[in-house]
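Look at the sequence and the model first.

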Amino acid sequence: MSRKPAATRRPRRAATSATARVPSVTVRHYCQGIGDCHLLTFTKADGAPFRMLIDCGIHVSVTGGPALVADIVADLKKETGGKIDVLVVTHEHWDHVSGFLTSKDLFKDFSVGDVWMAWTENPADPGAIELDKFKGQALDALQGASQKLDGMQGLNPYMQRVRDGLQAVLGFQFGAAGERVRSARNAAANLSAKPTPTYFEPGGAPQAIDGLPNLRIYVLGPPRDKAALRLEEKASEMFPLASGGPFARALASGLKMNQADDPTYIDELSPFERNIGTPLSAALNGDKGSDPVVDIGAFTRKQYSGSVSGAAPMEDRDQSWRRIDADWMGIAADLALQLDRGVNNTSLVLAFELIDSGRVFLFPGDAQIGNWLSWKDLKWPVGQATVTSADLLARSVYLKVAHHGSQNATPQKQGFDLLASSDLSAFIPTNKLDAVKVHWGEMPYDPILTALEAKTKGRVIRADDPWLADKDGKPAFVSPSGSILAVRSLQRDAARGPGGLWVEVDLA
């Protein structure tokens, strides 16, 4: 693919450690916390920079997120002069694409040569159409369940967790103003100078970039195989995806039945006629019912829905544990897992190989277990040799950790165990405090952090590292070290709160 010459690189801040070695690539990681945005800068043979931007978004739960992303886009414009050679959109989640919509007035002045997406985003692809149908059905059902649970009082602890979990998952699908993630993804696609994005699937010939003769780019995911797109937390626990959406259909049918306004509607499964009794919703709201002898509202409150007067016997004070009227919506938790992890498993996964040294930089998006396991049989003929995914992982010296370091985003046997380079370094785009706010108590997951620290000899950078809030801060590891030649950082505007706006690493 041919590229127009780009402007020369702007002068950078002084590095934490001076070195005469020339970086193979400079990666600027933006530190919005729950969200991804990474600028890769390669130097072409003629000395001009080649810019690749991977994603730009932030989770809707992050306070002041759109303003922070606007700062990021302004910094991107300042650094690149508004010229991006390739924009990579890894997958359709709000925390990866929101910026293209919320900061569209800033992005409209950018020049983007090409947009890369996975085959799963191609509206003309039959497999993508099938996946899209599942996502649409699931999202509509989850929205309905979330709205119903939001309006219910006295939920038991389990259903409270289901409600909170639904809100967290839907945060990947909607912005604060209710915009669907599809509009943000399409805004990114429309930035391309080409009529349509370029869609990729694994196993094709490695990509070559004009002017970068020392670089090959391998596409590892997302897989085509439906079995590999199933959602896994462990290899033995699999949930089917795109098999007609039985959970979505069941949940949607239940919602429709509960919201029926037609007075002639007959529920064939109900043991009572429609005109018999008092609707539970009315009783829960205190309706005394039509029987002058029995106060239905008081009876329901005492025997079923919750607390009564403190003068009542202890065994009568709180009967909310008996409530089952919302439990049928518990299936939403399973459906939410299918949707969330299914979309993450559609991440476009790229491995950048330096031909002369064989060193690899791995950017897996938010790939979860099903995506990772699908790579193990991939092979690429390169000259007289054959390159395998295991070989690429063994030679990986830099890892953008998938899905903010969650427990099901990097497998052990087909992931960490294959990352064998003694020069391995890693970056985790996460903010622990923001994760806790949306009820992700294990993001990043401690065992993954421990494994990374051991694999990298401490060369792990997190978006919420305390040293990034200090203009003179330095990472705990010595730089240069391993694959990292130098580290730089820039603090946020004070109005956005403490922390770094970005951290930048020179890699070799």
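What follows covers the model, its aromatic pairs and its charge–ring contacts.

## The model

This is a predicted model: local features need pLDDT of at least 70, side-chain atom pairs need pLDDT 80 or more, and totals for chains, interfaces and linings use all residues. Residues are numbered from 1 along each chain as its sequence is written, and side-chain values use heavy atoms, with hydrogens and water left out.

## Aromatic pairs

A search of the whole structure finds seven aromatic pairs. Rings of Phe, Tyr and Trp (its six-membered ring) pair if their centres lie within 6.5 Å; planes under 30 degrees apart are stacked, over 60 edge-to-face, and the rest tilted.

F107 and F110 form a tilted pair. Their centres are 5.1 Å apart, with 50° between the planes. Both residues are buried (under 20% relative accessible area; exposed is over 50%, partly exposed in between; 1.4 Å probe, protein chains only). Elsewhere, F42, F352 and F363 form one aromatic cluster.

## A link between strands

The ring planes of Y218 and W380 stand at 75°, so this pair is edge-to-face. Its centres lie 5.1 Å apart. Y218 belongs to strand β8 (residues 212–221) and W380 to strand β13 (residues 379–382). The pair links distant parts of the chain, 162 residues apart. Strands are DSSP runs (E, at least two residues), numbered from the N terminus.

Y218 is buried, at 0% relative accessible area. W380 is buried too, at 1%.

## Charges over rings

A charge sits over a ring if NZ of Lys or CZ of Arg is within 6 Å of the ring centre and within 35 degrees of the ring normal. R28 lies over the face of W502, 3.7 Å from the ring centre. The charged end of R224 sits over the ring of W119, at 3.9 Å from its centre.

Methods. Helices (H or I, at least four residues) and strands (E, at least two) are DSSP runs, numbered from the N terminus.
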